[in-house]
Amino acid sequence: MGEKTAFIFYDHGIRETIDSFPKNQLVRFDLAYKSPNEHGFPTDDEFEIAKALEDRIESFMISNDGAYVGRVTTAGHRYFYCFTDITEELIRPFCDELNVETGYYLDHRVKNDPEKSGYWKDLFPTEDDWQMILDSRTVEALKHSGDTCELERRIEHWAYFKSKADAKTYVAWLESQGFSLESVKRSKPFFGDWRVRFYRLDTPELYAINKVTYKLRHKAIATNGKYDGWETSVEKE
C-alpha cells in the first residue's frame, strides 16, 4: 500500500452476497500496535492480542446481525472492516470495554457505504493482487521442495492472444526486454487462438518475479491478450 508492505485478509465467500447484504454502514476499527517490527507488522505477543480483538469484533458483529469482512495490517496498524447498522451508542462502549481489557486503544470510523467499497476496493484483490497471489503459490511450492529461490535460472512463461498479429507484437516487445522465444503456436479457443511460450534467466524470489509478471501481464492486456503464468526448475544450493 503506497510504499508500505501490507497484509490483507478478507472473506472471499461473502463476495457472492455482499452487494445484497442489507447493512450499509461501514465501521472500520483501528488498532495501533505498540511495538511493531521493522515492516510494520506485529510481534508474536502483539499478534495474539490482535487475534483476540479480532475474535471479539467478529462475535460483536454476529451478535448484532452485522458482518466482519476482513482486515488490513500495514505501517504499525491493523484495520478491521465490518458492515452493520449498530449505532454509535453501542460501538463506543464496545471499544471502551476492549481498551480497558487490553490496554490498547481501539479507534473507529463510521461511514455510509451502500456500494460496499470497503470490501470491493479496500479488501478484495485487484488483478495485480491476484497475480501476486499466483506468484506466491508457485514460490511456496518451490520452497516446499527445498529451493531457496535465490539462484537465477531459466523461467518459462505463457501468454495467449486472439490473433497472430497480436502475438507477433508481443513477441517483439518480449525480445526488447531480453526474453527468448520458445514457440508461437495455435491453441485452444478457450485461452486464445495463439499461444506464446518464452523464457528468460531470472530469480524466482517473490518480489523480484512479481515485478516481471506485472510487466508481462500488463503488456499482454495492452496487446489484446492474456498472460498465463510461469514455471521453473527446483534449484538447491
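The buried residues of helix H2 pack against strand E2 (25–32), helix H1 (44–63) and strand E5 (106–112). Buried means under 20% relative accessible area, exposed over 50%, and partly exposed in between (1.4 Å probe, protein chains only). Contact means heavy atoms within 4.5 Å. Helices (H or I, at least four residues) and strands (E, at least two) are DSSP runs, numbered from the N terminus.

This is a predicted model: local features need pLDDT of at least 70, side-chain atom pairs count only at pLDDT 80 or more, and totals for chains, interfaces and linings use all residues. Residues are numbered from 1 along each chain as its sequence is written, and side-chain values use heavy atoms, with hydrogens and water left out.

Which residues of H2 are buried? They are Ile-91, Phe-94, Cys-95, Leu-98 and Asn-99. Down the axis of H2, these buried residues fall within an arc of 135°, so they line one face of the helix. The arc is taken from the directions from the helix axis to the C-beta atoms. Glu-89 and Val-100 are exposed, on the face of H2 turned away from its buried side.

H2 covers residues 88–102, 15 residues in total. From first C-alpha to last it reaches 21 Å, close to the 21 Å expected at 1.5 Å a residue. That expected span is 1.5 Å times one less than the number of residues. Just after H2, Gly-103 takes a positive phi of about 80°.

Now the tyrosine. Tyr-207 lies in helix H6 (residues 206–222). Tyr-207 counts as partly exposed because its relative accessibility is 48%. Leaving aside residues up to four places away in sequence, Tyr-207 touches Thr-5 and Met-132. Its C-alpha is separated by 9.0 Å from that of Asp-135, 72 residues apart along the chain.
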